[in-house]
Amino acid sequence: MTILCQPADVPADLISTLGTSVRSVEDLGAALRALTEDPTENLIVVGPAVETGQALEFSARLRLERPAIGVILIREHVDVTVLTDAIRAGVREVVAAGDNDALSAACDHSRALSGHVHGHDEAEPTHHGKVVTVFSAKGGCGKTTVAINLAAALAASETYRVCVVDLDLSFGDVAISVQLDPVRTISDALPMAGHLDTTGAASLVTSYRPGLDMLLAPVTPGDAEKIPASLIGELLAVLRGMYDFVVVDTPAQFSEHVLTAMDVSDHHVLLTTPDTPAMKNLRITLDMLDLLSYSRGIRSVVVNRSDSKVGLSAGDVERVVRSTIEGHVPSSRNVPVSINKGTPIVIATPTHPVSQAITRFARERLLSQSEPVRHRPFARRGAGRR
Ligand SMILES: Nc1ncnc2c1ncn2[C@@H]1O[C@H](COP(=O)(O)OP(=O)(O)O)[C@@H](O)[C@H]1O
Ligand SMILES: [Mg+2]
């Protein structure tokens, strides 16, 4: 499929030169929207009526964000200045208006090149980022808070690229917690199921700040049910090829989707708060994970709001859950305040005790482990879950 961007009347011979499947759009904004809608799009022809500066800016942006897409520029006059600027902006070819043979050849050449770039995309990713799933079987323990702040802590050094995935498909609140507009969500991955690649995945994530992206949960009621667990596995496999860390926020239940994330995770962060219902649920969770043969070596128990006045002591918690505690995050009213302001506390106030606790956990448990521990929970299927 080819997108033709030409605000004025489009000559019929131009359309026929571009082949059968051409989508005509009026401006570059519409071209960008068309690209977002169809991640398989691989060629944009920018007509002579589009201003050169705008066309080059558009091309430079695409080169960074969607390198597999070719941009061909048609100009009334082709001179050395246009050619040099176009090459710098990543335009594949500049063709003189009316030279339909040259345009046709340029299109063929660009499509072949895109196929080549895609071929590289789809190859087994050499980069193997770590997937970290944050889970608790009880709602309100702080999964979303910890997932977002953990991701912010991992991204803070600007050394690592990090993506948060909101797997709370029905009630996800990652977007609202960081005040991102959920224009693109996991639902948009559905048409790509079975052939998702890095270009497609890149079109799904929303950037929060440099080095920290978020894949947001669906917003339309009923959309969550349409998403198969296999798509989550596919998404995580592609995302780990693109990021150093993929931090997965989860709903408070062992859904098929959560287990799919746990299957591919390098680390399970299991949360509790220091109260008996949460600890009972954590104990059940730990037993369940053992039953499903997940390695204990990739597991960390973290107590959120650990200094809560009414709560039990760290020793009490360890005794009840029969597990060592790897992280203690204190309770602070600054946490809900930071969420209402839409800035994770780790970013807003890095010196805050909550930020320091999460950053320390990230450093000691996630950044210090050199190689991800790979594990294959073969026993899971036979352990009674269907
Ligand atoms: N350490 C903390 N101190 C104070 N409030 C917290 C802390 N962690 C989480 N909260 C608050 O608890 C509520 C539930 O947290 P949230 O992260 O949404 O939990 P979950 O995702 O597990 O349902 C939110 O209002 C959040 O601001
Ligand atoms: Mg949540």
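Is Gln 6 buried or exposed? Gln 6 counts as buried because its relative accessibility is 7% (buried means under 20% relative accessible area, exposed over 50%, partly exposed in between, with a 1.4 Å probe and protein chains only). Before going on, note that this is a predicted model, where local features need pLDDT of at least 70, side-chain atom pairs count only at pLDDT 80 or more, and totals for chains, interfaces and linings use all residues. Residues are numbered from 1 along each chain as its sequence is written, chains are lettered from A and ligands numbered from 1 in the order in which they are written, and side-chain values use heavy atoms, leaving out hydrogens and water.

Stay on Gln 6: this residue sits in the loop between strand S1 (2–5) and helix H1 (12–18) (helices, H or I with at least four residues, and strands, E with at least two, are DSSP runs numbered from the N terminus). Next, select Val 25, Glu 26, Gly 47, Pro 48 and Ala 49, which Gln 6 contacts when neighbours within four places in sequence are left aside (contact means heavy atoms within 4.5 Å). The Gln 6 side chain reaches the backbone nitrogen of Ala 49 at 3.4 Å.

Now select ligand 1. A nitrogen atom of ligand 1 lies 2.9 Å from an N or O atom in the Asn 304 side chain. Show Pro 330 too: one of its polar backbone atoms is 2.9 Å from a ligand 1 nitrogen. At Ser 332, a backbone N or O atom is 3.0 Å from a nitrogen atom of ligand 1.

Methods: A polar contact is a pair of N or O atoms within 3.5 Å; within protein, one must be able to donate a hydrogen and the other to accept it, and residues adjacent in sequence count only if both atoms are side-chain atoms.
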